[in-house]
Amino acid sequence: MDRWACVNAADFPLQVLLRSHPDWRQGPAALLDRDHPQGRLVGLNASARQAGLSRGMHYGEALALIPALRAGTVDPDQVASLADTLAQALGEYSPQVERHQELPGLFWLNASGLGRLYPDWRQWAGPLRRRIFERFDIRVTLAVGFRRALTYVIARTADTSGAFDTPEAERRAAGQARLTALDLPRADRELLTHLGLHTLDDLLALPAQGLHRRLSPALVELYRQARGDRELPIEPFTLKAPAQVDHHLDYAERNTHRLLFLLKGHLHPLLRSLEETHDKLVALNLHFELDHHPALSERIEPAEPTLDALTISDLIWLRLESLELPAGVTHLTLVAHGERTCTEQLRLDLGGAARSTRDIEAANRALARLRAHFGTEVVQRVRLRQAHLPEGRFVLEPLPRIPLPSPPSAPHPQAVRRFYPSPQRLRSLPGVSTRQGPHTICGGWWVREIHRDYHLMVTEDERLIWTFYDHRRHRWYVHAEF
């Protein structure tokens with residue numbers, strides 16, 4: 001009889017986020033679907049749930065309730081990359097690994113045949129769970145049973161790991177699983193609650209005849225898989241073979257400088273092969289076959305995944321410099337282990353077709369053509385200055401050349417606005433949904449008396465405008481648009 005183990009990393013994207021922010025673990029933390037005050041909470045840690053937050057709340061609403069809430073988004077490529085790495089690591093424990101196509105933190109391992117090595121399955125499951133946490137800082141629950149569908153139900157709904165010695169024990173444990181904890185659409189969960197079906201046993205107690213007319217296709221599929229009428233489709237995870245290069249030498253080489261140049265000659269093709277598969281180098285294994293001596297193996301691991309050949313070459317040289325070869329090397333083998341990374345990271349590291357085409361000299365040439373065609377005053381830039389009135393707080397001056405960008409050390413919010421040096425008169429105020437103000441500016445009585453009440457207004461057509469009421473003229477003006 002086959003044995004299957006289901007490995008489930010609950011709230012896997014949230015765990016990926018917390019890996020990047022370990023200091024967030026101690027307080028309430030949440031995963032957002034988008035980085036915006038209107039973004040919704042799609043993942044919560046235990047502290048956030050205990051504080052009363054729930055999935056689906058807007059970030060702004062949750063922050064108003066819990067000011068100490070820490071929240072952020074996570075790149076889907078980062079989640080997929082870690083899921084791939086985790087699946088490859090699980091391949092060290094089983095020859096057949098399957099990865100759920102929609103849930104990135106859910107895996108199955110075919111444990112058939114391992115019973116001879118592990119009389120008690122807990123001796124196999126316990127170290128596996130601890131090893132995943134120590135290596136990836138990811139907490140998982142693990143269920144070892146006989147059917148993939150039931151192990152999925154148990155691992156997805158239970159808070160602790162378990163191994164079942166008989167199919168009946170597995171069936172009883174799955175029958176107590178809470179249906180609302182499974183990955184079902186919201187409408188299905190509400191329907192189950194309305195029908196009073198809380199556990200898998202409650203669902204399986206329904207007669208099979210006419211079930212498709214009362215339940216959704218997802219619930220019918222769960223019903224059939226739990227009964228054993230239909231098994232989950234097998235989707236094995238294909239382990240990527242590491243890139244490898246062999247080099248045979250016609251003579252026994254002991255000079256480390258020449259060995260370094262031989263290795264560097266093969267390094268660029270290896271990195272290029274990793275780049276083509278959207279991977280970065282995480283480890284480089286060097287295998288030296290020696291003349292009439294036992295072979296020697298070394299491993300190079302950069303501080304972080306990289307495609308920088310110079311960094312890897314430096315690490316190789318440091319290793320060769322401290323290596324004492326008892327005999328000459330007759331055969332070299334380089335094995336590059338990669339880790340998936342996002343396209344943007346590859347573009348930043350290696351450039352290529354996606355490299356930015358911005359050319360500051362080309363921009364200056366284009367401005368020179370504009371000046372030649374329209375006049376020297378056509379190209380100007382804004383310089384800020386101190387003044388009382390808004391229209392006096394900047395001045396336009398000629399721009400001879402575009403300077404190199406110098407981004408500020410600390411980012412600060414910026415708004416793109418259309419500023420009217422001469423305020424535009426409003427015949428009437430537009431329909432306004434939100435207003436802030438007034439912010440009064442007055443003075444200048446010694447030349448021309450000024451008295452303005454400024455307001456920030458959100459119009460009914462979702463425009464943000466900066467207006468003021470001129471008390472001297474008794475008129476409304478718009479001064480800027482955001």
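How many nonpolar, polar and charged residues are in the lining of the largest pocket? The legends below describe close-up views of a predicted model.

**Figure 1. The lining of the largest pocket.** The lining divides into 23 nonpolar, 9 polar and 18 charged residues. The volume of this pocket is about 1800 Å³. It is lined by 50 residues, and those closest to its centre are Ala10, Asp11, Leu44, Arg49 and Arg55. At least two lining residues come from each of α1, β2 (29-32), β3 (41-44), α2 (46-50), α5 (121-136), α6 (148-157) and α8 (186-195). Helix α1 gives the most to this lining, with 5 residues.

**Figure 2. Helices α1 and α4 where they cross.** Two packed helices are described by the angle between their axes and by the distance between the axes. Here the axes of α1 (residues 12-20) and α4 (residues 76-90) come within 10 Å and cross at roughly 100°. Angles of 65 to 115 degrees count as roughly perpendicular, so α1 is roughly perpendicular to α4.

**Figure 3. Residues in the contact of α1 with α4.** From α1, Phe12, Pro13, Val16, Arg19 and Ser20 take part, and they meet Gln78, Val79, Leu82, Ala83 and Leu86 of α4. By class, this contact has 7 nonpolar, 2 polar and 1 charged residues.

**Figure 4. The largest cavity.** The count of cavities of 30 Å³ or more comes to 1. About 50 Å³ of space lies in the largest cavity. Its lining consists of Leu86, Ala89, Leu90, Glu92, Tyr93, Arg131, Ile132, Arg135 and Phe136. Helices α4 and α5 are the elements that give two or more residues to this lining, and α5 gives the most, with 4 residues. By class, the lining of the largest cavity has 6 nonpolar, no polar and 3 charged residues.

How values were computed
Residues are numbered from 1 along each chain as its sequence is written. This is a predicted model: local features need pLDDT of at least 70, side-chain atom pairs count only at pLDDT 80 or more; totals for chains, interfaces and linings use all residues. Side-chain values use heavy atoms; hydrogens and water are left out. Axes are lines fitted to C-alpha atoms, for helices over the stretch in contact, and angles run from 0 to 180 degrees between N-to-C directions. Angles under 35 degrees count as roughly parallel, over 145 as roughly antiparallel, 65 to 115 as roughly perpendicular and the rest as oblique. Contact means heavy atoms within 4.5 Å. Ala, Val, Leu, Ile, Met, Phe, Trp, Tyr, Cys and Pro count as nonpolar, Asp, Glu, Lys and Arg as charged, and the others, Gly among them, as polar. On a 1 Å grid over the protein atoms alone, a cavity is a set of points where a 1.4 Å probe fits but cannot get out, and a pocket is an open set with protein on both sides within 12 Å along at least five of seven lines; lining residues have an atom within 4 Å of a point. Grid points are joined across faces, edges and corners, and a volume is the space filled by probe spheres set on the points.
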